[in-house]
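My entries follow the structure.

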Amino acid sequence: MNPINIIGMGQGKKDLTQNHLELIQNCDVLIGGRRHLDHFQTAGMEKIKITGDINRLINTIKDLAPEKNVVVLASGDPLFYGIGSTLTKHFDKNQLIIHSNISSVSAAFAAIKEPWTDAKVISLHGRQKESFSFTSLLDQNKIAFLTDLQMTPQFIAAGMAKEGLFDFKFCVLENLGHKEKEKITWFKTLETVINQEFSQPNIIILINTRTTNKPEISHETHLGMNDSLFKHSKGLITKSEIRSISISKLKLIKKDHVLWDIGSGSGSVGIEASFQLPCGLVYSIEKHPERISDIIQNITNFNCSNIKVLNSAFPEGIEEIKTPDRIFIGGGGENLGNIIDTACEHLAPYGVIVINTVILQSMNTAIEQLKKNNIEPTVVQIQISRSKSMPFGDRMEALNPVWIISGSKKNNTQGKT
């Protein structure tokens with residue numbers, strides 16, 4: 001079996017070594033993108049252009065490799081979001097010879113003279129537009145985007161503007177490494193990017209201008225923080241011990257979950273949950289205007305950048321927000337049944353809903369409504385007592401018992417039965 005040489009082109013033919021050039025000149029079959037193949041005009045060489053049909057390409061290489069000397073050209077570094085990564089999944093690695101080269105990301109940061117040890121690299125090649133969460137950029141220092149014909153600089157700028165991400169310097173590098181066509185442009189506003197045209201290929205670098213003067217949190221954060229750290233009115237706060245258990249019931253297993261915190265009160269549950277969702281988003285939904293100032297103050301105090309506040313009576317305004325993977329209901333009153341119905345309807349498949357209540361009738365309502373929506377409820381009753389000092393010692397003071405009702409939505413849930 002002949003070896004398959006996979007050669008990274010770096011930023012172009014000028015980055016190829018003499019060994020690379022000899023392998024290419026002596027091969028029987030040269031495979032690569034059109035712009036890479038155009039660099040080589042060796043007589044007798046068969047050229048195969050890489051298209052979107054990767055399975056067909058894999059089968060072609062498997063048919064040719066036993067009898068012919070095959071070389072595959074890759075953009076940048078073959079194993080950095082390149083064709084080399086794909087080939088390692090379909091061929092014996094002992095058959096592959098990988099020739100690394102300069103990646104597009106390293107070349108981009110070198111071009112703008114910025115270190116990139118702290119950069120997040122995101123490839124948008126072939127991704128669906130709706131699948132990308134721009135809130136995942138909130139706490140990043142530097143970001144490099146590998147774009148394609150659909151996921152363009154304009155798309156990225158528009159998505160950032162929609163989420164209010166205006167604290168980034170925006171750089172577009174077009175035709176990087178091409179002596180005549182290379183163009184590097186810094187943009188002061190996202191609107192300018194949205195209204196601009198760019199040539200392919202291009203790469204985007206974002207640099208957060210807020211990171212050097214980001215406000216410090218005045219205290220350490222953890223689950224079940226002391227209630228006194230939150231501004232709240234008339235004791236309307238999910239107590240710290242209950243908060244910890246409720247958040248555990250939400251099962252925040254992915255960093256990019258979307259959480260609806262309905263009846264947010266002081267916002268304490270949403271705030272502590274947001275610490276576990278650095279790439280996700282929390283919607284703090286509260287209908288009472290006087291409580292909104294408490295929520296905003298608490299968000300500011302804890303420097304939370306992934307929480308959005310909605311001053312509305314649920315379900316008003318939810319048509320414009322993202323589908324939730326998790327829902328917490330800490331309030332509802334006489335409308336609790338309708339709130340649970342609507343929440344279950346919008347909850348993503350396999351999503352989790354958690355409902356807290358201190359009222360017996362509300363516990364019954366929660367159980368019944370979840371069952372109507374094909375969600376099997378689990379009920380936990382929590383009784384917390386805290387020590388309180390007395391003249392000659394301590395005594396225990398009980399808090400109101402709380403029922404925590406939770407359940408997970410099935411994939412085939414179609415609303416109420």
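I took buried to mean under 20% relative accessible area, exposed over 50%, and partly exposed in between (1.4 Å probe, protein chains only). On that basis, 47% of the 417 residues of the chain count as buried.

I note that the model is predicted: local features need pLDDT of at least 70, side-chain atom pairs count only at pLDDT 80 or more, and totals for chains, interfaces and linings use all residues. Residues are numbered from 1 along each chain as its sequence is written, and side-chain values use heavy atoms, without hydrogens or water.

Overall build. The C-alpha atoms fill a box of roughly 95 × 45 × 45 Å along the principal axes.

Helix α5. I read helices (H or I, at least four residues) and strands (E, at least two) as DSSP runs, numbered from the N terminus. In α5 (residues 104-111), I found Val105, Ser106, Ala107, Ala108 and Phe109 buried. These buried residues pack against β6 (119-123), β7 (142-146), β8 (168-174) and β10 (202-208).

Glutamine 95. I located glutamine 95 in the loop between α4 (83-87) and β5 (96-99). Glutamine 95 is buried, at 13% relative accessible area. Leaving aside neighbours within four places in sequence, I found glutamine 95 in contact (heavy atoms within 4.5 Å) with Met1, Asn2, Pro3, Ile4 and Ala65.
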